[in-house]
Amino acid sequence: MAYSHFENDSQMKFGISSISVLNAETGAIVYAKNENVGLASASTLKTITAATAYHLLGKDFVWETSLGYNGTISSNGTLNGDVVITGAGDPSLGSDRYDQTRPELILKKWAEAIVRSGIKNITGSIIADERLFGTQTMPGGWTWQDMGNYYGAGPSSLTWRENQFDLIFKPANRVGEPAELTRTEPQMSYLKIVNEVLTGAPGSGDNVYAYSAPYSTVIYLRGTYGIDLKKVIAASVPDPAYHLAYQLLNRLKQMGISVEKDAVTARELSLNNQLFQAPSKIIDIHTSPNLGKIIYWFNQKSINLFGEHLIKTIAWKEGKEITTTNGVRVLKDFWAKKEGIDPDAINIYDGSGLSPSNRITTLAMAQALQSIKKESWFAGFYESLPVYNDMKMKSGSISDVIAYTGYQISSNGTPLVFSFIINNYKGSSSTARQKMFSVLNTLK
């Protein structure tokens, strides 16, 4: 009755919705409507990516980033060669979410490792080797409006600080006048940032969008920044591997270690037909937090970047060419073999749900989540889900899409797993959410 009422609501006049509710113990369908219609799922897709990663990588999986050098060190401490950072896809490198990954700690550790090696001067470069994940950093279907902003940061095998940086604005005294970009954190002097942001009306909030492309050196900032707003805006770093090498180079110079050549990436060397020499000596290996800790923040804060790292890592560890497309193919094949879920019911293009082209059925999602309840790592997965409406569930929202997927114990003690998606609704998103919550409240 509640769902029928929702379907007939004026906000859904031109929209479509789907819901699947299963007994979480038996997998039996408790209620379903439009359960085999593929819809854009937004970030609820992260639950499927996370579950697949737990299955195929294991809860204790870690990524390792190495620091080394090529060439030789002379008796006076001159390295006749390069310092090389080799990435292996760690999504957390330089992230503030974990004590051992904070950027200052890692830069300090690496600088000290270089000093301990007896290096006082470097005749070559600081090279960031980001070749493992290839050069395509953006999954197919991501939009121009998204990719320049922090939530649209693409994966690199040398991701750094979650591939984002902060923009600090000062609004003008009058609405409609230019808002001043006072600084960036960290400083990004090698980028050309074109600020076209205007001061917005009181209460209008953050409507700032960054427009850039992978490996670009120019970023356009457009939109409005509320006259009463006091908020730091985050944008994506076009070339995070270069930024890491650039920051390490600056750290070494601050310590009095000269570096004769500019920071560079293995990709840039290849583009310019220059030789890249792999490190002959490794002086530090940084290990990421384990997969369970990565997935916790992946779901809690809906970090799209983590999902794209997971999907590429899945392709890598399954012996495939490391592309998003191959990672998605492995994911679909896995659920087809394990639970008999038709691959066409998971018609997706990324691991995070940011692509508006993704289509997945609520039944496929609910079936996958029901199947993992018996896994030894389920407690970690369950803990990673946020709480909305006093229910343990992952939310998702992109343009004209709202979705929820999770678990609930009914009033009679029956454990349930559910997926509820709406597409192309009209009107207020907050109102639509409350109406969805009213439907989900019947599961309590």
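These are my notebook entries on what I looked up in this structure, a predicted model.

**Overall form**

I then turned to an open sheet of 5 strands, whose order I wrote down as E17-E8-E6-E3-E18 and whose pairing is mixed. Strand E17 (264-265) and strand E18 (281-287) stand at its edges, and each has a single partner strand, so one side of each is left without a neighbour in the sheet. I followed the pairing of strand E3 (residues 64-69) with E18, where 6 bridges join the two strands and the run is antiparallel; within this pair, Thr 65 stands opposite His 286 in E18.

I asked myself which helices lie on this sheet, and I found helix H3 (residues 103-116) lying across E3, strand E6 (83-86) and E18, with a direction at about 160° to E18. Helix H5 (residues 240-254) packs on the sheet as well, where it touches E3, E6, strand E8 (126-129) and E17, and its direction makes about 155° with that of E8.

**The sheet of four strands**

My next entry concerns an open sheet formed by 4 strands in the order E4-E5-E7-E16, again listed with mixed pairing. Its edges are held by strand E4 (72-73) and strand E16 (258-259), and each of these has a single partner strand, so one side of each is left without a neighbour in the sheet. Strand E7 (residues 121-122) is joined to E16 by 2 bridges, and the two strands run parallel; I noted that Asn 121 has Ser 258 in E16 as its bridge partner.

**The largest pocket**

I looked next for open space, and the largest pocket holds about 720 Å³. It is lined by 28 residues, of which Asn 149, Tyr 150, Tyr 151, Asn 304 and Leu 354 are the closest to its centre. At least two lining residues come from each of strand E13 (206-211), strand E15 (233-236), helix H8 (304-317) and strand E22 (391-398), and E13 gives the most, with 4 residues. By residue class, I recorded this lining as 12 nonpolar, 10 polar and 6 charged.

**The second largest pocket**

For the second largest pocket I noted a space of about 310 Å³. Its lining has 20 residues, and those closest to the centre are Gln 136, Thr 323, Thr 324, Thr 325 and Tyr 349. Helix H9 (residues 324-339) gives the most to this lining, with 5 residues, and the lining as a whole divides into 8 nonpolar, 8 polar and 4 charged residues.

**The cavity**

Last, I asked how many cavities of 30 Å³ or more the structure holds. I found 1, and the volume of the largest cavity is about 170 Å³. Of the 21 residues that line this cavity, Thr 137, Pro 214, Val 237, Pro 238 and Pro 240 lie nearest its centre.

Methods
Residues numbered from 1 in each chain as written. Predicted model: local features only at pLDDT ≥ 70, side-chain atom pairs only at ≥ 80, totals over all residues. Heavy atoms only, no water. 1 Å grid on protein atoms, 1.4 Å probe; cavity = no way out; pocket = protein on both sides within 12 Å on 5 of 7 lines; lining within 4 Å. Points joined across faces, edges and corners; volume = space filled by probe spheres on them. Nonpolar A, V, L, I, M, F, W, Y, C, P; charged D, E, K, R; others polar. Pairing = 2+ DSSP bridges. Contact = heavy atoms within 4.5 Å. Axes fitted to C-alpha atoms, helices over the stretch in contact; angles between N-to-C directions.
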